[in-house]
Amino acid sequence: MARTETPRRIRGTQDIFGDEQRRFAHVLSTFERVRALYCFQRIDIPVFESTAVFARSLGETTDVVSKEMYTFEDRGGDSLTLRPEFTAGIARAYLTEGWQQFAPLKITTSGPVFRYERPQKGRFRQFHQIDAEVIGAAEPAADVELLVLADQLLRELGIADGVTLQLNTLGDAETREAWRAALVAHFEAHRGELSEDSLTRLEKNPMRILDSKDPKDRPIADSAPDIDAYLTPEARAFFDAVTAGLDAAGVAWERNARLVRGLDYYRHTAFEFVTDRLGSQGTVLAGGRYDGLIGSLGGPETAGVGWAAGVERLAMLLEEPAAAGIDAVVVPMGAAAEARATGIVADLRRAGVAVEMAYKGKMKARMAKADALGARFAIILGDDELAKGVGAVKALATGTQTEVAFVDLAEALR
Ligand code: ATP
Ligand code: MG
């Protein structure tokens, strides 16, 4: 008889459990708490969209669209794509749901995103992002608020040390055009020294040569002209307002004139929070202003700014998060106690106490379970306790034991 092969996990996907899961959940719950402090509301959008939503807004020449999307035809013959990021779908929702009426709209979301990339440490094919956006605000104050939010998130996660905010400006449309022309002229003059990939970029997306990781490209990228000489007075004033805002809020930043974003719709502010603690996957949070995006989707010209961070990369940077920890473990000994314990456990849980029941093995094994779960108390129930209508409540840190009447248990454990 042929043996059925055990199914495999798809390359670049993850099954997230145990310590890893606790880190992951800690990132998400911290984000949820901090976003509320900044009065951002949570939204949810679909995991897949029409392929055109991403192709049009991210730009056909970007790595994401040209090489990384999970695109498929559904049974109705429509071309759909699993979201490789959130911003395009949010912009689509903004238009289709009429969210213009709420502008400026401060929103966050989180969930899985999908990119066909070569899996390695900190790089997956299904990974998770947290995302924050302000749509319909053209003021630099919106950029500042998002950056201060990101900074507070990293601080509250305890990972701000060793993570640096790198900031650049891509100017307004006029600036970008002029700078782009200067870059093309510079790269054309050094054609022969560029990597194969960068020769393609030169045709399609010359700015991307600036952040090329290929050592061959670095000298040419490093000697390319900065944007500064091309900034219009408006673009310069915008950037100055952002940096002044960061200084006022006490957020440290450094200028990185080589920082560009791969996506075509970025304007003005571009930023990354980077660390050297994750090898070459050092960007933990990245974003910028995308005033051209909603227009490129066929909507009215609408300002927008936002960022996304990889949950896995943030989770990898966390110090060991405290084990989940529960309030109590009920340890019944004997059939009568076990029967009674079912009701006691249900009552405690309804009263908001986190309890587990240890119903396997000898007394010693059951107490070991209480320790392993990080419980604060063990509630021991034997025939004596049943007769008296009490539980023997043992504080596991100190070993002190007291008798508590069943009706008073929830109160005593809180
Ligand atoms: P990279 O240069 O690492 O490929 P990116 O520019 O493609 O990053 P963004 O599109 O800006 O990344 O996505 C925002 C964040 O999502 C990144 O800063 C990173 O933390 C995370 N991220 C991106 N791609 C992956 C991936 N394949 N696996 C895990 N996290 C990722
Ligand atoms: Mg990438």
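**Values set against definitions**

Tutor: Arg115 counts as buried, at 17% relative accessibility. This is a predicted model, in which local features need pLDDT of at least 70 and side-chain atom pairs count only at pLDDT 80 or more, while totals for chains, interfaces and linings use all residues. Residues are numbered from 1 along each chain as its sequence is written, chains are lettered from A and ligands numbered from 1 in the order in which they are written, and side-chain values use heavy atoms, with hydrogens and water left out.

Student: Why is Arg115 called buried?
Tutor: Buried means under 20% relative accessible area, exposed means over 50%, and partly exposed lies in between (1.4 Å probe, protein chains only). Arg115 has 17%, so the word buried applies.

Student: Where is Arg115, and which residues does Arg115 touch?
Tutor: Arg115 is in the loop between strand 5 (105-114) and strand 6 (126-135). Helices (H or I, at least four residues) and strands (E, at least two) are DSSP runs, numbered from the N terminus. Leaving out residues up to four places away in sequence, Arg115 touches Val64, Glu68, Tyr70, Pro84, Glu85, Phe124, Arg125, Phe127 and Gln129; contact means heavy atoms within 4.5 Å.

Student: Are Cys39 and His268 buried or exposed?
Tutor: Cys39 has a relative accessible area of 59%, so Cys39 is exposed. His268 has 9%, so His268 is buried. Cys39 is in the loop between helix 1 and strand 1 (41-42), and His268 lies in strand 9 (residues 267-275). Each is a residue other than glycine with a positive phi, near 60° for Cys39 and near 55° for His268.

Student: What makes helix 1 and helix 5 oblique to each other?
Tutor: The axes of helix 1 (residues 18-37) and helix 5 (residues 140-156) come within 10 Å and cross at roughly 140°. Axes are lines fitted to C-alpha atoms, for helices over the stretch in contact, and angles run from 0 to 180 degrees between N-to-C directions. Under 35 degrees counts as roughly parallel, over 145 as roughly antiparallel, 65 to 115 as roughly perpendicular, and the rest as oblique. Helix 1 and helix 5 are therefore oblique.

Student: Which residues in helix 1 and helix 5 meet?
Tutor: Thr30, Phe31, Arg33, Val34, Arg35 and Leu37 in helix 1 meet Leu149, Gln152, Leu153 and Glu156 in helix 5. By class, that contact of helix 1 with helix 5 has five nonpolar, two polar and three charged residues. Ala, Val, Leu, Ile, Met, Phe, Trp, Tyr, Cys and Pro count as nonpolar, Asp, Glu, Lys and Arg as charged, and the others, Gly among them, as polar.

Student: What makes helix 5 oblique to helix 9?
Tutor: The axes of helix 5 and helix 9 (residues 233-249) come within 9 Å and cross at roughly 40°. That angle makes helix 5 oblique to helix 9.

Student: How many helices and strands are in the chain, and how do you know that the chain is more spread out than a compact globule?
Tutor: The chain has 15 helices and 16 strands. Its radius of gyration is 27 Å, well over the 22 Å that the globule rule gives for 414 residues, so the chain is more spread out than a compact globule. The radius is taken over C-alpha atoms, and the rule is 2.2 Å times the number of residues to the power 0.38.
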